[in-house]
Amino acid sequence: MADGVTATQEFYTRYAALYDRIARRTPGVGGLRESVADALDPAPGDTVVEMGCGTGANFPYLRERVGPAGTVVGVDFTPGVLEVARDRADAWENVHVVRGDATRPPIADADAVLATFVSGMLADPAAAVRTWGELAGPGGRLALADLGRTTRTPFRPLNALFRGIVRASSPPGTRSQLAQSPTATLDARLVAAHRELDAVCEDVRHETRALGFARVSGGRVRE
């Protein structure tokens, strides 16, 4: 497992600049990030923690929601992407980045917790969602956005292309550690994470975007 973590860190560090361009410039990704911020729905002045923040592509959308009186904290365990995120956070006094494990957050408290494209990377995404719900606390906000194969009939032929993208973007050595294909693993983890969010939260909002490849869920942690 340690070798897998190292391989993942090295992979995303090596391609941090490319990942950042894809995360910010892919057609339609701005609208997807807007929908993620809408699903999280933090209030002005809130403290938002983003698990697996990557290069900080969500920071502008989150900072807009919480305003100058709020705080945005990005957590990621990969040094290379955190360097890019730190440079982006420097534009605001109330946006910060912390190196840490999203499954063991190095944060004591939050009003809202977000994870974008993270569930598929975790061995036990349901446990992580429970941890994030505990961090937000009763009445806090929790939102997820993840990618998986589309179930929309007109676009299912594109799943073959999606499978190829998933294989190509898997860090070296990680596929051999999986019991099934990377795409099937991704789908199973997505379902587990969003199902757990339904259990942890109430007033849950679900949305699919990007031809059904993107799932966005958000709600309020149960009292």
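# Close-up views of the predicted model

**View 1. Val84 in helix H5.** Val84 has its place in helix H5, which spans residues 79-89; here helices (H or I, at least four residues) and strands (E, at least two) are DSSP runs numbered from the N terminus. The model is a predicted one, in which local features need pLDDT of at least 70 and side-chain atom pairs count only at pLDDT 80 or more, while totals for chains, interfaces and linings use all residues. Residues are numbered from 1 along each chain as its sequence is written, and side-chain values use heavy atoms, with hydrogens and water left out. With a relative accessible area of 22%, Val84 is partly exposed, a class that lies between buried (under 20% relative accessible area) and exposed (over 50%), with a 1.4 Å probe and protein chains only. Although Val84 and Gly56 are 28 residues apart in sequence, their C-alpha atoms are 7.4 Å apart in space.

**View 2. Strand S7 between S5 and S6.** Strand S5 (residues 141-147) and strand S7 (residues 214-221) run antiparallel to one another, paired over 7 bridges, and Asp146 has Arg215 of S7 as its bridge partner. On the S6 side, S6 and S7 are likewise antiparallel, being joined by 7 bridges, with Ala214 in S7 as the bridge partner of Arg209. The hairpin of S6 and S7 has 4 residues between the strands, and in this hairpin Ala210 takes a positive phi near 55°. S7 is mostly covered, since 7 of its 8 residues are buried.

**View 3. The salt bridge between Arg65 and Asp38.** Arg65 forms a salt bridge with Asp38, with the closest N and O atoms 2.4 Å apart, the criterion being a side-chain nitrogen of Lys or Arg within 4 Å of a carboxyl oxygen of Asp or Glu. This pair links distant parts of the chain, 27 residues apart, with Arg65 in helix H4 and Asp38 in helix H3. Arg65 counts as buried at 18% relative accessibility, whereas Asp38, with a relative accessible area of 36%, is partly exposed. Both residues belong to a network of salt bridges that links Glu34, Asp38, Glu64 and Arg65.

**View 4. Two further salt bridges.** The side chains of Glu196 and Arg130 meet in a salt bridge at 3.5 Å, N to O. Because Glu196 lies in helix H8 (residues 182-200) and Arg130 in helix H6 (residues 125-136), the pair ties together parts that are 66 residues apart in sequence. Glu196 counts as buried at 17% relative accessibility, whereas Arg130 is partly exposed, with a relative accessible area of 38%. Elsewhere, Arg205 forms a salt bridge with Glu207, whose closest N and O atoms are 3.0 Å apart, and Arg205 counts as partly exposed at 36% relative accessibility. A search of the whole structure finds 10 salt bridges.

**View 5. A nonpolar surface patch at Leu161.** Leu158, Leu161, Ile165 and Leu211 make a nonpolar surface patch of about 360 Å². Patches are made of residues with over 30% relative accessible area and no salt bridge, like charges being joined within 9 Å and nonpolar side chains (Val, Leu, Ile, Met, Phe, Trp, Tyr) within 5 Å; accessible areas come from the Shrake-Rupley method with a 1.4 Å probe, and for residues only the protein chains shown count as cover. Leu161 has its place in helix H7 (residues 159-168), and this residue is exposed, with a relative accessible area of 56%. The chain exposes about 10,600 Å², of which carbon and sulfur atoms supply 53%.

Terms used:
Pairing = 2+ DSSP bridges.
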